Amino acid sequence: MSATILITGGAGFIGSHVVRLFVKEYPEAQIVNLDSLTYAGNLENLKDVEREDNYRFIKADICDAQKTLELFEEVRPSHVIHLAAESHVDRSITNPTTFVMTNVIGTTNLLNAAKHIWSDGKGVFHHVSTDEVYGSLGATGLFTESTPYDPRSPYSASKAASDHLVRAYANTFDMDVRITNCSNNYGPNQFPEKLIPLFINNIKHKKALPVYGDGLYTRDWLYVEDHAEAIRQVLFKGKSGETYNIGGHNEWKNINLIELLCDVMDDKLGRQQDESRQLITFIKDRPGHDRRYAIDASKIEREIGWKPSLTFQEGLVKTVEWYLAQEEWLDQVTSGNYMQYYTNQYAKA
Ligand code: NAD
Ligand code: TYD
């Protein structure tokens, strides 16, 4: 395939898995990773592909409209997979403006640049988004593609705005777009600010496990490589203008997930049974905390033929094994600014 596939945010958690998949699967294509390398971007995530002939990295900020336009003129991508974003809800509570800048303005800059070079109508823009745009569920029900948007955090509001802009550009400028809204991801390379890697790191160092509120909040977890594969399939098999929800049919209340994680860690570290569970500490709740997310993924399964490949147990064991084997990676990302973030986020809880 002689495509040029521009992946934004390719040095981040999900982006690095998407880049790796495309570099390996499409040797004839050019895979260009555009990333500004914020605290969440890390080229160590791509060590195994950085020397491949079909891979190129460009350090650039999508908030810079002129630079983004110039890069599109130079690279002339046939496909864009847009993952660059500010992605952590807690940080969006402390600093909402950064989220509006990258997620809303940055996405608009990319859309403008794509519209500019695709004035002949060619090119596909795949926008990667979250189920959090649909708001918060009660004890029952699932998010479908027609669930009304009801974002409730600055993060989800900024992602909802970006989804709307993508649809507006498709409608107004006849652009070929697709949007995927995925549930919570977990797996290797996730920055240890999100629940699973943060707790793995804390268990490893025998630090308290800060559970927000009553711990009965529910998330629907998907292994990151299954998400990357879903993106690949939607990019090539999805219909123009369509939205596809992606999820693992894998709902867990936080406290139950944390207990399972403690048990897997105790097993892998050769600790006493229940040792890590003693670290669980209930702390002040996150403001505006969404109670439950759960995805109805039947559309992507029916129309595209995608489904998750791993059970949660399998994915969690793989994840724990990866973090325990990657001491250097974990030490590197948790040094410096991370400690400052950790103190600010958890000291007063
Ligand atoms: P991440 O925070 O790990 O990575 C984001 C990447 O974007 C980093 O490499 C960062 O350097 C880059 N970036 C940030 N601002 C940028 C800018 N202004 N210009 C260029 N690059 C910039 O995020 P993630 O968890 O990998 O999420 C990727 C995408 O998937 C996001 O759009 C997110 O909303 C979406 N998503 C995430 C999840 C999840 O559970 N993590 C679930 C569903 C959807
Ligand atoms: P997170 O990984 O931040 O993802 P999101 O908020 O986007 O779903 O959090 C997952 C769940 O874990 C969420 O209900 C908040 C909770 N949580 C804690 O209880 N303690 C923590 O330290 C973190 C980071 C999250």
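Colleague: Let's start with Asn33. Which strand does Asn33 lie in?

Modeller: Asn33 sits in strand β2, residues 30-35. Keep in mind that this is a predicted model.

Colleague: How do I read burial here: is Asn33 buried or exposed?

Modeller: Look at relative accessible area, where under 20% counts as buried and over 50% as exposed. Asn33 comes out at 0%, so it is buried.

Colleague: Now strands. How do I read which way the side chains point?

Modeller: The general idea is that side chains in a regular strand alternate between the two faces of the sheet. Take strand β10, residues 243-246: Thr243 and Asn245 point one way, while Tyr244 and Ile246 point the other way. Those four residues are all buried.

Colleague: Which strand does β10 join, and in which sense, parallel or antiparallel?

Modeller: Strand β6, residues 176-182, is joined to β10 by 4 bridges, and the two run parallel. One of the pairs is Cys182 with its bridge partner Ile246 in β10.

Colleague: How many bridges does β6 make with β5?

Modeller: There are 7 bridges between β5 and β6, and that pairing is parallel as well. Cys182 turns up again here, as the bridge partner of Thr130. As for cover, 6 of the 7 residues of β6 are buried, so it counts as mostly covered.

Colleague: On to the ligands. Which residues are closest to ligand 1?

Modeller: Ligand 1 is surrounded by 29 residues, and the closest are Asp35, Asp61, Ser87, Tyr155 and Lys159. Then check the polar distances. A polar side-chain atom of Asp35 is 2.6 Å from an oxygen atom of ligand 1. For Asp61, an N or O atom of the side chain is 2.8 Å from a nitrogen atom of the ligand. The side chain of Tyr155 has an N or O atom 2.7 Å from a ligand oxygen.

Colleague: How much of ligand 1 does the protein cover?

Modeller: On its own, ligand 1 has 840 Å² of accessible area, and the protein covers 96% of it. The elements that give two or more residues to this shell are α1 (13-25), β5 (124-130), α5 (154-173) and β7 (184-186). β5 gives the largest share, 3 residues. By class, the shell divides into 14 nonpolar, 12 polar and 3 charged residues.

Colleague: And ligand 2, how many residues surround that one?

Modeller: Ligand 2 has 19 residues around it, the closest being Glu132, Arg219, Arg286, His289 and Tyr346. A polar side-chain atom of Asn184 is 2.9 Å from an oxygen atom of ligand 2. Pro210 contributes through its backbone, with an N or O atom 2.8 Å from a nitrogen atom of the ligand. Tyr346 has a polar side-chain atom 2.6 Å from a ligand oxygen. Taken alone, ligand 2 exposes 510 Å², of which the protein buries 98%.

Colleague: Which elements and domains make up the shell around ligand 2?

Modeller: α6 and β8 (209-212) are the elements giving two or more residues. At least three residues come from each of domain 1 (4-186 + 221-246) and domain 2 (195-218 + 251-288 + 311-339). The classes are 10 nonpolar, 4 polar and 5 charged.

Colleague: Since α6 came up, why is α6 described as largely enclosed?

Modeller: Helix α6, residues 195-204, has 9 of its 10 residues buried, so it is largely enclosed by the rest of the structure. Among the buried ones are Ile196, Leu198 and Phe199. After α6 comes Lys206, with a positive phi near 55°.

Conventions:
Residues numbered from 1 in each chain as written. Chains lettered and ligands numbered in written order. Predicted model: local features only at pLDDT ≥ 70, side-chain atom pairs only at ≥ 80, totals over all residues. Heavy atoms only, no water. Near = heavy atom within 4 Å. Polar contact = N/O pair within 3.5 Å; in protein donor to acceptor, adjacent residues only side chain to side chain. Areas by Shrake-Rupley, 256 points an atom, 1.4 Å probe, with all protein chains shown as cover. Nonpolar A, V, L, I, M, F, W, Y, C, P; charged D, E, K, R; others polar. Buried < 20%, exposed > 50% of the residue type's maximum accessible area, 1.4 Å probe, protein only. Pairing = 2+ DSSP bridges. Domains from an automatic or database assignment.
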